[in-house]
2 protein chains.
Amino acid sequence: MSLQPVFIGGQWRTSRYLSTFQANNPRTGEKLPDLFPVSTWEELAEALDYAQQVIPLLTALPPEARAEFLENMASKIEAKQEIITATAALETGLPQSPRFLEIELPRTTDQLRQTAAAVREGSWCLATIDTHRNIRSKYGPLGGVVIVIGPNNFPLAFNAVSGGDFAAALAAGNPVLAKAHPLHPKTSQLLAQAMAEALAESQLPPATVQFIYHFQPEDGSKAIAHPATAAVAFTGSRATGLAIKEAAEKAGKLAYLEMSSINPVFLLPGALQERASKIAEEFTASCLLGSGQFCTNPGLVVLSEGAGSKDFIQRAIDLFNNSSPGYLLSREIGLNLEKKIQALLQRGSQLLCGGHSLPEPGYRFAPTLLQVKAQAFHEQPTAFQQEMFGPASLLVVCPKAEDMLMIAASLEGNLTASLYAHTQGKDESLYQQLEPILRLKVGRLLNDKMPTGVAVSPAMMHGGPFPATGHPGFSSVGVPATILRFAARHGYDNVPQHRLPPELMDKNPTGRLWRFIDGAWTQASVNEK
Amino acid sequence: MSLQPVFIGGQWRTSRYLSTFQANNPRTGEKLPDLFPVSTWEELAEALDYAQQVIPLLTALPPEARAEFLENMASKIEAKQEIITATAALETGLPQSPRFLEIELPRTTDQLRQTAAAVREGSWCLATIDTHRNIRSKYGPLGGVVIVIGPNNFPLAFNAVSGGDFAAALAAGNPVLAKAHPLHPKTSQLLAQAMAEALAESQLPPATVQFIYHFQPEDGSKAIAHPATAAVAFTGSRATGLAIKEAAEKAGKLAYLEMSSINPVFLLPGALQERASKIAEEFTASCLLGSGQFCTNPGLVVLSEGAGSKDFIQRAIDLFNNSSPGYLLSREIGLNLEKKIQALLQRGSQLLCGGHSLPEPGYRFAPTLLQVKAQAFHEQPTAFQQEMFGPASLLVVCPKAEDMLMIAASLEGNLTASLYAHTQGKDESLYQQLEPILRLKVGRLLNDKMPTGVAVSPAMMHGGPFPATGHPGFSSVGVPATILRFAARHGYDNVPQHRLPPELMDKNPTGRLWRFIDGAWTQASVNEK
């Protein structure tokens, strides 16, 4: 077993490591052969120094250099798609096809290409010009490194070295220090190889993107607080997210965090009367997708009591019991899920199906449904809003419409809320009462649709109020909005034409750039208005 | 002496107070007659409860209701302009005319009207539509109260109950709890009266804006962390700003802070050769404006050594010595300034003029210039970057261009940096070396212009990297960008037309709203594209 190299200062090299780790195969529980380093603080500090030196060089290059790199990287990933998706399947237990080959890898390369197109087109920078006063502003790089920490559940599309945060941070013109998730180090390494090959062929300085596998939490906090660092992007658990938030904010750094969400689904009485069974099918497919390991997993279903709710519950139980349990990413996920379920049972909820890990080999969990009375939920609303990461959901049956409103009002910040209503308008009045409450609690509000499936669209909102994320004004999916998270607003006051960045000169640099000039969006040059 | 009332729950009422305080007249040092309450925690909690109840009502009203209120409030302020400006002069020691009557009051009402226009026009919400997938998003209210804490130095334009933060927070649709600055409570009360009169004539719920004079720091922190609170906006000292930041972020609340800035001014050799005396005049006017009590006060001047620098310094000393010292807002400001100056002297800087408070009655300070060698600055860059709030500035004479570059590189985050260069291009090479360094350190970069004077323009950037503010992506001056600080991004996925907010329906609600539809900014409706 040879120790795998890190990518620092533009080179693959032997790590100055503290300790080593191996990934597991979730289908067998066996260790996978490669040995990966946990970087020392010295290694992190060295990477941060390299990144800091890159900043002036990177800032001086035209956006085209970043766009070309991102596009080339997408091609490099495609050239390696067999080995990347096979490795991702091996490290995660999720199926190579369709999950990785047909869905997540194309999503990843599409996201890189969309980001490249946004960088080339340039309108993301919201160039704003006041011609009368010669005051101008646009978004530009932060002037520091962005540390990207990837999650366990999307080894490609959210990977620290290939995912949305990575692409957005680079798009804004910042160097990136990417930390893989330790559950899929080999997949991350392969993506980092695609990145490194594209980097070598680009005009970008060699240390523009650096890559490590792991660090100790205290070293991570030190890196975040380091003078070279401007921001951190993290997707993962609430406990880790809060620790990162504290480390970052104490040092005056920006922290973009996607931490936890139970994604409540409200099933209104008319919808249940009309199509309980169909909704149960949609719910099951959404809840068990990727073994339930999605940040948009529907973890709480609030149903109006009646014949429809009985049908929904019975149909969901049947579907859950008859589904073929997928694999969890790690043993710990199953253990945590069991603890969460035990806590819910102790607080008076009832187990409808599942509730336990399945016999090894492999990490599997019986698809799980719990039910709790609305009254019990009202009494302990926080206790019943604990994210259950995995194939599990809690159903709350509400005797009265008032119960649904109370539950909505007691919710924490979430990424999403879904409302299922009668197609011919029977639920409209209740919808109109529920919607204003839910609207202020979540980032994305869905109608007649489960929350999984987050399209990479400029209009997408993947974010939400605390504790779902750290700032409700930003989305972590959907170009170009994602880029703004990693950008500073740069104002120019009385600066003559030849010293302005091209996006702010009188002449529209491409003729296609959208700019806000004297109160109107336009693609015209200043003198052409 | 009667205790002045607070405005809570839509009514002027007797405060449930903890203690009382009086303002001083800075021109005499004497206490002013009115007695003002320091609110108890119970009073704050009650106000927060009122504000929370307002949220659904406020959210349900059309934007027009907020626009009308803001405009009416501007008129009410104008109707009281004599008493407001006279009181502001009395409480601050700054001249009623021109400072308040001709400059700050018109700026305040203009800002309210610009914000009203932005609310009515609606483009601030960045409506984004993906017609193919029926995914839509826009910015909307945060779902919680915004606590606005005003500064000491702009009793009108930045007042918590009439200034930019107040207007922006309300514009986004949030209720506001405004805390006046204790140095100008009566001015704040008069502005709050204008606000309350406009509120009574509006469709807005009575507790949409509430107003208190003061609270204890620990109660302020509790209010910020309260479940009803979504965000806090603060303008003031770094120490207080950092305490507010910690209290807010620990509780997952947004904190927008404008904390400190020394606003470095770089005088390049050609500029000094060409017009040293003229620049010294501009510098003096800017540095002594409002007795130097501006967040954009030029507190650090970095000059290229030579005949020009000698002329500049001598001329500046003459102008400083011959200026008529204005009044400081409080005795403490003078005491703090003396301490800061002592610290700089101990570290090896040299006093060129001033350096001490003037004899009472009244709080005045001799206009002060200090000088330090570039080498000494390099050795202790942090020590020489302490904000001196008041009529004082530190000059650093640089024997070599390299010294200017080193000083630029060692700067903390600032609101502004100014570069003065030769008008015929002699400094261009040095400019091109300095600019990229300064660009990433500041919000607004000026050419041949002093930093004071922050136009209320959509293109204005009044903000900057930490520790100047808490987030470099936002501006606290300039509509509509300021509004986005107090807004959440609201996504709609598969929501039918009749349930969408007007801004996101296919039909452009006004025909004037700018929206980003399928990748292009347009005022057309969806079916008209």
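# Two chains, question by question

Reader: How many residues does the contact take from chain A and from chain B?
Author: Keep in mind that this is a predicted model. Put together, chain A and chain B bury about 5,500 Å² between them, 56% of it on carbon and sulfur atoms. As for the residues, the contact takes 67 from chain A, and from chain B it takes 67.

Reader: What is the count of salt bridges between chain A and chain B?
Author: Let's start with polar contacts: across the interface of chain A and chain B, the rule finds 38 residue pairs, both residues at pLDDT 80 or more. The largest share of the side of chain A that touches chain B comes from β19(A), with seven residues. For salt bridges between chain A and chain B, the count is six.

Reader: Which residue of chain A meets E428(B) in a salt bridge?
Author: E428(B) is one of the buried residues of α14(B). Its side chain forms a salt bridge at 3.0 Å, N to O, and the residue on the other end is R499(A).

Reader: How far does helix α14 of chain B reach from its first C-alpha to its last?
Author: Helix α14 of chain B covers residues 428–439, which makes twelve residues. At 1.5 Å a residue, you'd expect 16 Å. The model comes close to that, with a reach of 16 Å.

Reader: Around the axis of α14(B), how wide an arc do the buried residues cover?
Author: The buried ones are E428(B), L430(B), Y431(B), L434(B), E435(B), L438(B) and R439(B). They sit on the same side of α14(B), because the arc they cover is only 140 degrees. Here's the background: an α-helix has 3.6 residues a turn, so residues three or four places apart point the same way. Back to the arc of α14(B): 140 degrees.

Reader: Which strand of chain A do the buried residues of α14(B) pack against?
Author: Within chain B, they pack against β12 (265–267), α9 (269–288), α13 (401–409), β17 (414–420) and β18 (442–447). From chain A there is also a strand, residues 487–493, and that is β19.

Reader: Which residues of helix α7 of chain A are buried?
Author: Helix α7 of chain A runs over residues 217–225. Among the elements its buried residues pack against are β3 (17–21), α1 (41–60) and α8 (238–250) of chain A. The buried residues are D219(A), G220(A), A223(A) and I224(A).

Reader: Is D165(B) buried or exposed?
Author: D165(B) has its place in helix α5 of chain B, residues 164–171. Beyond its neighbours within four places in sequence, D165(B) is in contact with V148(B), A233(B), F234(B), T235(B), S476(B), R485(B) and F486(B). Its relative accessible area is 9%, and the cut-off for this class is under 20%. That makes D165(B) buried.

Reader: Which side chain makes a polar contact with the side chain of Q96(B)?
Author: Q96(B) lies in helix α4 of chain B and is partly exposed, at a relative accessible area of 25%. Leaving aside neighbours within four places in sequence, Q96(B) is in contact with E82(B), T85(B), A86(B), A89(B) and L101(B). The polar contact spans 2.8 Å, and the partner is T85(B).

Reader: How many residues apart in sequence are the parts that K80(A) and E197(A) tie together?
Author: The side chains of K80(A) and E197(A) meet in a salt bridge at 2.7 Å, N to O. K80(A) is in the loop between α2 and α3 of chain A and E197(A) is in helix α6, so the pair links separate parts of the chain. K80(A) is buried at 17%, whereas E197(A) is partly exposed at 32%. The separation in sequence is 117 residues.

Reader: By about how many helical turns are E249(A) and K245(A) separated?
Author: These two side chains meet in a salt bridge at 3.1 Å, N to O, and both residues are buried. E249(A) and K245(A) are four residues apart in helix α8 of chain A, so their separation is about one helical turn.

Reader: Which residue meets E46(B) in a salt bridge?
Author: E46(B) lies in helix α1 of chain B, and its partner is in the loop between β2 and β3, so the pair ties together parts 30 residues apart in sequence. E46(B) counts as partly exposed at 21% relative accessibility. The salt bridge is 2.9 Å, N to O, and the partner is R16(B).

Conventions:
Residues numbered from 1 in each chain as written. Chains lettered and ligands numbered in written order. Predicted model: local features only at pLDDT ≥ 70, side-chain atom pairs only at ≥ 80, totals over all residues. Heavy atoms only, no water. Helix = DSSP H or I, 4+ residues; strand = E, 2+ residues; numbered from the N terminus. Expected span 1.5 Å × (residues − 1). Buried < 20%, exposed > 50% of the residue type's maximum accessible area, 1.4 Å probe, protein only. Arc of directions from axis to C-beta. Contact = heavy atoms within 4.5 Å. Buried area = accessible area lost by both parts, 1.4 Å probe. Salt bridge = Lys/Arg side-chain N within 4 Å of Asp/Glu carboxyl O. Polar contact = N/O pair within 3.5 Å; in protein donor to acceptor, adjacent residues only side chain to side chain.
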